[in-house]
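The sequence and structure come next.

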Amino acid sequence: MMNRSIQPHGGRLISRKAKPSDVDKILESVKDTKGLTVDNRTMSDLEMIANGALSPLEGFMNSKQYMSVLYEKRLPDGLPWTIPITLACNRQIADQLREGSIVPLYSEEKELVAVLELEERFTFDKEKEAILVYGTTDDRHPGVYRLKKSPDVYLGGKITLVNRGKWMAFQEYWLDPEETRRIFSEKGWKTIVGFQTRNPIHRAHEYIQKCALEIVDGLFIHPIIGETKKDDIPAEIRMKCYEILIKNYFPTERVILAVNPAYMRYAGPREAIFHAIVRKNYGCTHFIVGRDHAGVGNYYGPFDAQHIFSEFSPEELGITPLFFDNTFFCKVCGNMASPKTCPHTDEDHIMLSGTRLRDMLKQGIFPPQEITRMEIASILIEWIKMDKGEKDMLPLLMDR
């Protein structure tokens, strides 16, 4: 039975997945209709709209929703929402589409994945969206770069998903919100903390997860498997790290691991709210927000992603953020700590930058145990030593 105490955002869990009995009818209805090819980021959004992770959205935003989210950080009805969920289209193609029509959406492999009930076509200001969502117009920001390279017209309307084949490599960990909610309820969990990650979990992450586990019933580790930066570690490798860490260092009966089909926008504070809302839809009551959540480079202050939560009341967000400071191993204390709990100086703290950590791994040097578990470092060193051909084969190997 679903835990009714954990309400989806907006009060209703959306499903825009085609019924099996309707798929053939949909395929037949659009076989001679001009369609649109969508990229991997749009594929991620399609999946999350369809499975209810983006409730209450039923499709891509129309202009009214888009403008409200940009300027108010809310949907038109006042519900908190901070990230535009949009479908960009080439102007030449958009001019050939009619409002009220059904538009087939194809993957880059020419496979029909969804249909769009086209409600509206509208243009938008890329500079304005960049500054409001990302806080910068700098092309070096990966989100801004993608935005400026995108087509010039947005298509709004409800979608229906007909094909989910792209994600089968992670089938064991593919859990929709309705499934995670059922699992949480079956386990008797009343309080569940969600953890967002796009990197292998290091000791600092492990520390804050275990701190959170002291006050809730269960931990939901929910790594992103959609598109990230090119220098991020691929999802296949990260999943191996999570599996080993949970098996060896966590009470397995109190942890659920599932994949999140979202892609990283690197939108800092706005994305922190977005990540929390998504985990609320999966059934979480709490959400971990650490230092520089969803950040990149120096575009955001280290705790901006925590400060933004003060713009919304606890009742309207419906999920409780758990804020954590930067954590490290203190040689004097002899354990993991943070500036909130440790009185000692930086010289007593063991911390490694991401750049330094990657350099050590490339050289086959194991980082200090206080930073990364040896088992995790072994996996990462093995991956770094792979040649390009072996790395390209990883998704196929995970499918076996």
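## Terms and basis

A salt bridge is a side-chain nitrogen of Lys or Arg within 4 Å of a carboxyl oxygen of Asp or Glu. Helices (H or I, at least four residues) and strands (E, at least two) are DSSP runs, numbered from the N terminus. Buried means under 20% relative accessible area, exposed means over 50%, and partly exposed lies in between (1.4 Å probe, protein chains only).

The model is predicted: local features need pLDDT of at least 70 and side-chain atom pairs count only at pLDDT 80 or more, while totals for chains, interfaces and linings use all residues. Residues are numbered from 1 along each chain as its sequence is written, and side-chain values use heavy atoms, with hydrogens and water left out.

## Salt bridges

The structure holds 23 salt bridges. One of them joins Asp152 and Lys126, with N to O at 3.1 Å. This pair links distant parts of the chain: Asp152 is in the loop between helix 6 (142-149) and strand 6 (153-161), Lys126 is in helix 5 (residues 126-134), and the two are 26 residues apart. Asp152 is partly exposed at 35% relative accessibility, whereas Lys126 is buried at 15%.

## A salt-bridge network

Salt bridges link Arg12, Arg16, Glu58, Glu117 and Lys158 in a network. Within it, the side chains of Arg12 and Glu58 meet at 3.9 Å, N to O. Arg12 is exposed, at 51% relative accessible area, and Glu58 is partly exposed, at 22%.

Glu117 and Arg16 also form a salt bridge, their closest N and O atoms being 3.3 Å apart. Glu117 is in strand 5 (residues 112-123) and Arg16 in the segment before helix 1, 101 residues apart. Glu117 is partly exposed at 36%; Arg16 is buried at 16%.

## Backbone exceptions

Most residues other than glycine have a negative phi, and most peptide bonds are trans. The peptide bond from Ser55 to Pro56 is cis, with omega near 15°. Pro56 lies in the loop between helix 2 and strand 2.

Two non-glycine residues with positive phi can be named here: Lys73, near 60°, and Tyr266, at about 60°. Lys73 is in the loop between helix 3 (63-72) and strand 3 (87-89). Tyr266 is in the loop between strand 9 (255-257) and helix 10 (269-282), and Tyr266 is buried, with a relative accessible area of 0%.
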